[in-house]
Amino acid sequence: MKTSAAEVLHEYGPFTGVDQVAGVTFDGRHVWFASGDRLNVLDPATGDIVRWHDVAADAGTAFDGTHLFQLAEDRIQKIDPATGRVLSTIPAPDGGSGLAWAEGTLWLGQYQDRRIHQLDPDTGAVLRVIESDRMVTGVTWVDGELWHGTWEGEESEVRHIDPATGEVLERLRMPDGVGVSGLEADGGDRFFCGGGNSGRVRAIRRPRRAT
């Protein structure tokens, strides 16, 4: 297993009216992040919040290419990104944290229970469970790789794991005192990381495989 220090490329925030950054997702241009009672749209080119929707948004956030999915306590809301309107909801396992979209399904991190659930996006039914040995925060898939954040005490990492076994393949250690709440890959060289109660979003370098 390879372990290395995470390289922080950019730090966004703090932002007016944002005390907590939870779930994070990326729509190809903008970073969306949850901050409790609103879903914020961040332009990573300028570092500005360009708009937001007033909607319950206290944990993981995901984007399927058309709709947003947002954890709010015991449910996952399907949201129209243009209007912020909640189109439907499905139940979520207790203690949900991170959220990602991949393979036509939702992937939900369970913080305290140290698990990742694969969910049916229409019903919320649990299709598969992956066990972890650390508390799970954000979750993301990129190029067939499953990554998740961890945050326990003052220690936080971004981990690449085997989706079949849960084995940790690679670890990126965050700087001291810097935690990862939400997590999303941009499809290129960056992971966007929610910074919890720092009120910040950070971009770190994503390791790339030799070709």
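The model is predicted, so to speak of local features a pLDDT of at least 70 is needed, side-chain atom pairs count only at pLDDT 80 or more, and totals for chains, interfaces and linings use all residues. Residues are numbered from 1 along each chain as its sequence is written, and side-chain values use heavy atoms, without hydrogens and water.

**The sheet**
- Strand E13 (115–119) joins E14 through five bridges in the antiparallel sense, and glutamine 118 has arginine 128 of E14 as its bridge partner.

**The cores**
- A nonpolar core is a set of buried (under 20% relative accessible area, 1.4 Å probe, protein chains only) Ala, Val, Leu, Ile, Met, Phe, Trp, Tyr and Cys residues joined through side-chain atoms within 4.5 Å.
- In the largest, with 13 residues, Val158, Phe191 and Ile204 touch the most other members.
- Apart from it lies another core of 12 residues, including Val21 and Phe26.

- The largest pocket has a volume of about 260 Å³; a pocket is an open set of points on a 1 Å grid where a 1.4 Å probe fits, with protein on both sides within 12 Å along at least five of seven lines, and lining residues have an atom within 4 Å of a point.
- Among the 17 lining residues, Gln20, Ala22, Ser97, Thr137 and Ser181 are closest to its centre.
- E11 gives the most to this lining, with three residues.

How values were computed
Two strands pair if DSSP finds at least two bridges between them. Helices (H or I, at least four residues) and strands (E, at least two) are DSSP runs, numbered from the N terminus. Buried means under 20% relative accessible area, exposed over 50%, partly exposed in between (1.4 Å probe, protein chains only). Grid points are joined across faces, edges and corners, and a volume is the space filled by probe spheres set on the points.
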